[in-house]
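Visitor: I am new to this structure. Please show me how to read its features, one at a time.

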Amino acid sequence: GLSGESYRRRHEITVTGDNIPPPLTSFDSTGLPLEILREVHNAGFPAPTPIQAQSWPIALQGRDIVAIAKTGSGKTLGYLIPGFIHLKRRRNNPHLGPTVLVLSPTRELATQIQVEAIKFGKSSRISCTCLYGGAPKGPQLKDLDRGVDVVVATPGRLNDILEMRRVSLNQVSYLVLDEADRMLDMGFEPQIRKIVKEVPTRRQTLMYTATWPKEVRKIAADLLVNPVQVNIGNVD
Ligand code: ADP
Ligand code: MG
């Protein structure tokens with residue numbers, strides 16, 4: 001509607017795709033589960049950020065998204081909260097493997113995502129494990145063996161653990177590639193492609209990137225199906 005249009009203009013949101021739902025401009029209008037709204041309230045967040053406002057309703061429709069937005073725009077909850085709702089709908093057994101998989105370029109970023117996932121997912125009884133290199137595999141494997149809903153991983157370490165056959169990705173139906181441009185810059189493309197081969201093709205895929213060069217466009221074209229593109233601000 002008109003108010004959606006003016007919100008988009010005011011926040012420099014550009015969306016490309018068919019039948020785009022209006023942005024959810026306040027938490028009251030989101031229809032998010034109460035336990036998640038409570039966490040958002042406890043965190044003192046006044047309103048969804050523009051990327052959240054526009055990508056939540058699209059993600060909740062089950063559609064693929066490629067979002068181009070700079071850091072600090074609230075992308076993490078932009079994909080985690082629809083991921084939590086996806087998990088509630090699926091009711092998969094965490095002992096058979098994760099349902100939500102987030103790939104992240106570095107240990108630091110992966111850990112931050114896990115902290116956010118635990119903070120906002122705890123009251124929904126969502127479990128999250130973080131897999132990254134430069135640390136012993138033992139504790140990470142133990143966490144996986146306990147059963148987990150969400151895995152946040154760097155591509156190198158997840159690939160090592162997949163080669164050991166210590167985790168199955170055949171229940172993953174919500175896949176996030178966070179900071180895709182950075183993962184490609186760091187040379188993770190072969191690992192990403194190997195990992196995605198183990199994820200069923202019937203899935204929802206969300207890709208987040210700060211820049212939109214041709215390497216990122218190429219991997220988006222290969223891994224996403226008819227994605228809605230959301231740009232925030234004048235990133236290219
Ligand atoms: P990005 O991944 O886009 O760089 P983050 O997801 O790391 O951004 O979010 C940046 C900061 O903003 C985090 O500290 C996060 O907790 C906070 N944040 C997320 N959503 C909101 C919101 N709706 N209102 C206020 N702060 C928020
Ligand atoms: Mg981020």
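**Reading helix packing**

Guide: Start with one pair. Helix H3 (residues 50-60) and H4 pack with their axes 9 Å apart, at an angle of about 25°. Keep in mind that this is a predicted model.

Visitor: Why quote both an angle and a distance?

Guide: Two packed helices are described by the angle between their axes and the distance between the axes. Angles under 35 degrees count as roughly parallel. H3 and H4 are therefore roughly parallel to each other. Their crossing is right-handed.

Visitor: Which residues make the contact of H3 with H4?

Guide: From H3 come Ile 51, Gln 52, Ser 55, Trp 56, Ala 59 and Leu 60. H4 supplies Lys 75, Leu 77, Gly 78, Tyr 79, Ile 81, Pro 82 and Ile 85. Sorted by class, the contact has nine nonpolar, three polar and one charged residues.

Visitor: Is H3 largely enclosed or largely open?

Guide: Count its buried residues. A residue is buried if 20 or more other C-beta atoms lie within 10 Å of its own. Nine of the eleven residues of H3 are buried, so H3 is largely enclosed by the rest of the structure. Among the buried ones are Pro 50, Ala 53, Gln 54 and Ile 58.

Visitor: What covers the buried residues of H3?

Guide: The cover includes H4 and the strands E1, E2 (65-68), E7 (204-209) and E8 (228-232). After H3 comes Gly 62, with a positive phi near 85°.

Visitor: How do H4 and H5 cross?

Guide: Helix H4 spans residues 75-90 and helix H5 spans residues 107-121. Their axes come within 11 Å and cross at roughly 45°. H4 and H5 are therefore oblique to each other. This crossing is right-handed. On the H4 side, the contact is made by Thr 76, Leu 77, Leu 80, Ile 81 and Phe 84. On the H5 side, Ile 113, Glu 116, Ala 117, Phe 120 and Gly 121 take part. These residues divide into seven nonpolar, two polar and one charged.

**Reading backbone angles**

Visitor: Which other glutamate has a positive phi?

Guide: Glu 179, with a phi of about 50°. Its loop runs between strand E6 (174-177) and helix H8 (180-185).

Visitor: How many C-beta neighbours does Glu 12 have inside 10 Å?

Guide: Glu 12 has 13, so it counts as partly exposed. Glu 179 has 20 other C-beta atoms within 10 Å and is buried.

**Reading one residue and one record**

Visitor: Where is Val 176, and what does it touch?

Guide: Val 176 sits in strand E6. With 27 other C-beta atoms within 10 Å, Val 176 is buried. Leaving out residues up to four places away in sequence, Val 176 touches Tyr 79, Val 102, Leu 103 and Leu 206. Gly 147 is 29 residues from Val 176 along the chain, and their C-alpha atoms are separated by 20 Å.

Visitor: What does UniProt list for residues 25-53?

Guide: An unreviewed UniProt entry lists them as "short sequence motif: Q motif". In the model, this stretch is 45% helix and 0% strand. Its end C-alpha atoms are 5 Å apart.

Technical notes
Residues are numbered from 1 along each chain as its sequence is written. Chains are lettered from A and ligands numbered from 1 in the order in which they are written. This is a predicted model: local features need pLDDT of at least 70, side-chain atom pairs count only at pLDDT 80 or more; totals for chains, interfaces and linings use all residues. Axes are lines fitted to C-alpha atoms, for helices over the stretch in contact, and angles run from 0 to 180 degrees between N-to-C directions. Helices (H or I, at least four residues) and strands (E, at least two) are DSSP runs, numbered from the N terminus. Angles under 35 degrees count as roughly parallel, over 145 as roughly antiparallel, 65 to 115 as roughly perpendicular and the rest as oblique. A crossing is left-handed if the near helix is turned anticlockwise from the far one by less than a right angle, and right-handed if clockwise. Two residues are in contact if their C-beta atoms, placed from the backbone, lie within 7 Å. Ala, Val, Leu, Ile, Met, Phe, Trp, Tyr, Cys and Pro count as nonpolar, Asp, Glu, Lys and Arg as charged, and the others, Gly among them, as polar. A residue is buried if 20 or more other C-beta atoms lie within 10 Å of its own, exposed if 12 or fewer, and partly exposed in between; C-beta atoms are placed from the backbone. UniProt positions are given in the numbering used here, feature names are shortened, and annotations may be inferred rather than shown by experiment.
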